[in-house]
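Please go through the briefing below with the sequence and the model side by side. It is arranged by topic, with the cut-offs given where a term comes up.

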Amino acid sequence: MASESRLLFMILPPAEIREALSAAFERTGLMSELGDALFAPTNWHQSVSDRYADIAANRERLRDAGAAVRAAPFLMSFERLGSRGKTAGVDLHWEFQSRRKKVDGLIQLIDTLNARLAEQQMDAGGGHTPHITVSYRAPRVLETTELGTPVLWRVEDFVLARGGGFPYRYEVLDRWPLTGVPQTASGQQLLF
């Protein structure tokens with residue numbers, strides 16, 4: 001990964017979810033195969049925006065967009081490990097994946113955030129499927145591997161973060177709670 005600083009919105013799994021994911025990863029016997037290609041668990045995240053240059057004007061517009069988001073808490077579930085990409089060691093990712101390709105709450109958050117970004121004259125992003133990357137330079141293509149027990153995560157906030165440095169890490173610049181009423185894509189209220 002590049003060491004130049006970039007800004008993005010993301011959801012960060014709390015420590016107990018990172019620990020559950022790490023334990024599930026360990027049980028597969030695959031974690032040790034990554035060695036120094038393992039992305040530090042403290043950096044594990046779900047992106048909900050594209051990346052932006054780290055300049056003061058962008059930081060202010062992104063903060064204004066984030067503060068204007070009204071979205072509901074939602075559940076994510078990770079049941080397996082898989083890979084994305086084809087070139088080992090270059091741009092081959094290993095990631096926790098969900099069997100569900102669409103998560104209503106994640107879609108609502110991204111759509112709402114994109115609308116607020118457009119109001120700030122910032123480019124909207126897309127293509128954010130439910131996943132958490134554990135390596136951006138994996139040694140081989142990984143056959144889909146079941147975790148055994150799903151890891152459930154109730155997402156209750158999102159952050160604006162700055163990524164950069166060596167080793168690469170994320171610094172949380174701002175955090176906003178998800179406080180709306182959970183709904184499905186068809187507008188039905190969800191109960192937790």
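In β5, H93 is the bridge partner of R84. Strand β4 (residues 74-84) and strand β5 (residues 93-97) run antiparallel and are joined by 5 bridges. Strands and helices here are DSSP runs numbered from the N terminus, with at least two residues (E) for a strand and at least four (H or I) for a helix; two strands count as paired if DSSP finds at least two bridges between them.

This is a predicted model, in which local features need pLDDT of at least 70 and side-chain atom pairs count only at pLDDT 80 or more, while totals for chains, interfaces and linings use all residues. Residues are numbered from 1 along each chain as its sequence is written, and side-chain values use heavy atoms, with hydrogens and water left out.

**The sheet around β4**

- β4 and β5 belong to an open sheet of 4 strands with antiparallel pairing, in the order β6-β5-β4-β7.
- The edge strands, each pairing on one side only, are β6 (131-135) and β7 (145-155).
- On average, neighbouring strands of this sheet are turned by 35° against each other, direction ignored.
- Helix α1 (residues 15-28) packs on the sheet and touches β4, β5, β6 and β7; contact means heavy atoms within 4.5 Å.
- The direction of α1 makes about 175° with that of β7, where axes are lines fitted to C-alpha atoms (for helices, over the stretch in contact) and angles run from 0 to 180 degrees between N-to-C directions.
- β4 is also joined to β7, by 7 bridges, and these two strands run antiparallel.
- F78 stands opposite V151 in β7.
- 8 of the 11 residues of β4 are buried, so the strand is largely enclosed by the rest of the structure.
- Buried means under 20% relative accessible area, exposed means over 50%, and partly exposed lies in between (1.4 Å probe, protein chains only).

**L147 in β7**

- L147 lies in strand β7 and is buried, with a relative accessible area of 5%.
- Leaving aside neighbours within four places in sequence, L147 is in contact with A24, T28, F78, E79, R80, L81 and F96.
- T87 is 60 residues from L147 along the chain, and their C-alpha atoms are separated by 24 Å.

**Two buried serines in loops**

- S98 lies in the loop between β5 and α4 (104-119) and counts as buried at 4% relative accessibility.
- The side chain of S98 reaches two backbone atoms: the oxygen of S77 at 3.0 Å and the nitrogen of R100 at 3.1 Å.
- Such a polar contact is a pair of N or O atoms within 3.5 Å; within protein, one must be able to donate a hydrogen and the other to accept it, and residues adjacent in sequence count only if both atoms are side-chain atoms.
- Not counting residues up to four places away in sequence, S98 touches S77, F78, E79, R80 and P130.
- S49 is found in the loop between β2 and β3 and is buried, with a relative accessible area of 1%.
- A polar atom of the S49 side chain lies 2.8 Å from the backbone nitrogen of F9.
- With residues up to four places away in sequence not counted, S49 touches L8, F9, L113 and H128.

**Helix α4**

- α4 has 16 residues and reaches 23 Å from its first C-alpha to its last, close to the 22 Å expected at 1.5 Å a residue; the expected span is 1.5 Å times one less than the number of residues.
- The buried residues in α4 are G105, L106, L109, I110, T112, L113, N114, R116 and L117.
- Their cover includes β1 (6-11), β2 (46-47), β3 (52-53), α3 (56-67), β4 and β8 (157-164).
- Just after α4, Q121 takes a positive phi of about 55°.

**The chain overall**

- The chain has 4 helices and 9 strands, following the pattern β-α-α-β-β-α-β-β-α-β-β-β-β along the sequence.
- The radius of gyration is 17 Å, close to the 16 Å that the globule rule gives for 192 residues, so the chain is as compact as a globular protein of that length.
- That radius is taken over C-alpha atoms, and the globule rule is 2.2 Å times the number of residues to the power 0.38.
- Taken along the principal axes, the C-alpha atoms fill a box of roughly 45 × 40 × 30 Å.
- Of the 192 residues, 46% count as buried.
- Among contacts in the chain with a separation of 6 or more, 77% are between residues 24 or more positions apart.
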